[in-house]
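Here is a friendly walk through one protein model, meant to be read with the structure open beside you.

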Amino acid sequence: MTEASRTDSLRDLEHEVGVLIRRVRKVIGERARTVHPDLQPASYLILSAVAQDGPLRGSELSELFTIDKGAISRQVKHLVQLGLLDAVKDPDDARATLLSATDDAKTRLEDIVQHRRKYLDERLADWSPEELSGLVEILSRYNEALTVSG
């Protein structure tokens with residue numbers, strides 16, 4: 001590959017990643033409104049993380065999303081008010097609070113996941129299993145290469 005064609009490929013990659021990011025932002029906004037009409041996209045991501053990996057402390061969410069604790073606290077408060085998160089004192093540290101997704105939130109999120117998988121399956125019906133796994137492998141390598149460590 002020549003230097004010019006590599007440069008062109010990198011430019012094309014940046015373009016396609018930009019398209020993907022815009023599409024993901026739109027989907028996250030749609031998913032958030034499906035869970036609750038007052039749910040913001042950033043709060044949807046927090047709720048999803050807690051549902052998947054919880055119970056979690058706010059400090060863990062702050063690290064995960066590289067967002068200051070105050071912003072996390074405001075979003076968590078809103079999620080609790082919407083009935084999507086439960087907050088209980090950490091039995092190992094009374095100063096800390098553990099956050100868990102409510103059963104209602106888990107059900108809503110699972111419905112969204114099922115709908116999205118069905119949608120992807122329909123849209124990618126003409127992709128072979130090898131093409132799908134190849135895309136997963138390439139995206140994994142891409143994400144690993146861009147992961148900042150340390």
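Two strands count as paired if DSSP finds at least two bridges between them. Strands here are DSSP runs of E with at least two residues, helices are runs of H or I with at least four, and both are numbered from the N terminus. The model you see is predicted, so local features need pLDDT of at least 70 and side-chain atom pairs count only at pLDDT 80 or more, while totals for chains, interfaces and linings use all residues. Residues are numbered from 1 along each chain as its sequence is written, and side-chain values use heavy atoms, with hydrogens and water left out.

Strand 1 runs antiparallel to strand 3 (residues 93-101), and 2 bridges join them. For a place to look, R57 has L98 in strand 3 as its bridge partner.

Two packed helices are described by the angle between their axes and the distance between the axes. Axes are lines fitted to C-alpha atoms, for helices over the stretch in contact, and angles run from 0 to 180 degrees between N-to-C directions. Contact means heavy atoms within 4.5 Å.

| Helix pair | Angle | Axis distance |
|---|---|---|
| Helix 2 (residues 41-53) and helix 4 (residues 69-81) | about 80° | 10 Å apart |
| Helix 2 and helix 5 | roughly 105° | within 11 Å |

Helix 2 is therefore roughly perpendicular to helix 4 (angles under 35 degrees count as roughly parallel, over 145 as roughly antiparallel, 65 to 115 as roughly perpendicular and the rest as oblique). In this pair, A42, S43, I46 and L47 of helix 2 meet I72, Q75 and L79 of helix 4. Their contact has 5 nonpolar, 2 polar and no charged residues; Ala, Val, Leu, Ile, Met, Phe, Trp, Tyr, Cys and Pro count as nonpolar, Asp, Glu, Lys and Arg as charged, and the others, Gly among them, as polar.

Is Q75 buried or exposed? Q75 counts as buried, at 18% relative accessibility (buried means under 20% relative accessible area, exposed over 50%, partly exposed in between, with a 1.4 Å probe and protein chains only). Not counting residues up to four places away in sequence, Q75 touches A42, S43 and I46.

On the helix 5 side, Y44, L47, S48 and A51 of helix 2 meet A105, L109 and I112. That contact divides into 6 nonpolar, 1 polar and no charged residues.

**The nonpolar core**

A nonpolar core is a set of buried Ala, Val, Leu, Ile, Met, Phe, Trp, Tyr and Cys residues joined through side-chain atoms within 4.5 Å. The largest one has 22 residues, and those with the most contacts inside it are V35, L39, Y44, L47, L61 and L84. Helix 2 gives the largest share of this core, 5 residues. Leaving aside neighbours within four places in sequence, Y44 is in contact with I28, R31, A32, V35, L39, L109 and I112.

**Two backbone details**

Most residues other than glycine have a negative phi, and most peptide bonds are trans. G54 and P55 are joined by a cis peptide bond, with omega about 5°, and P55 lies in the loop between helix 2 and strand 1. T66, a residue other than glycine, has a positive phi near 45°. T66 sits in the loop between helix 3 (58-65) and helix 4 and is exposed, with a relative accessible area of 72%.
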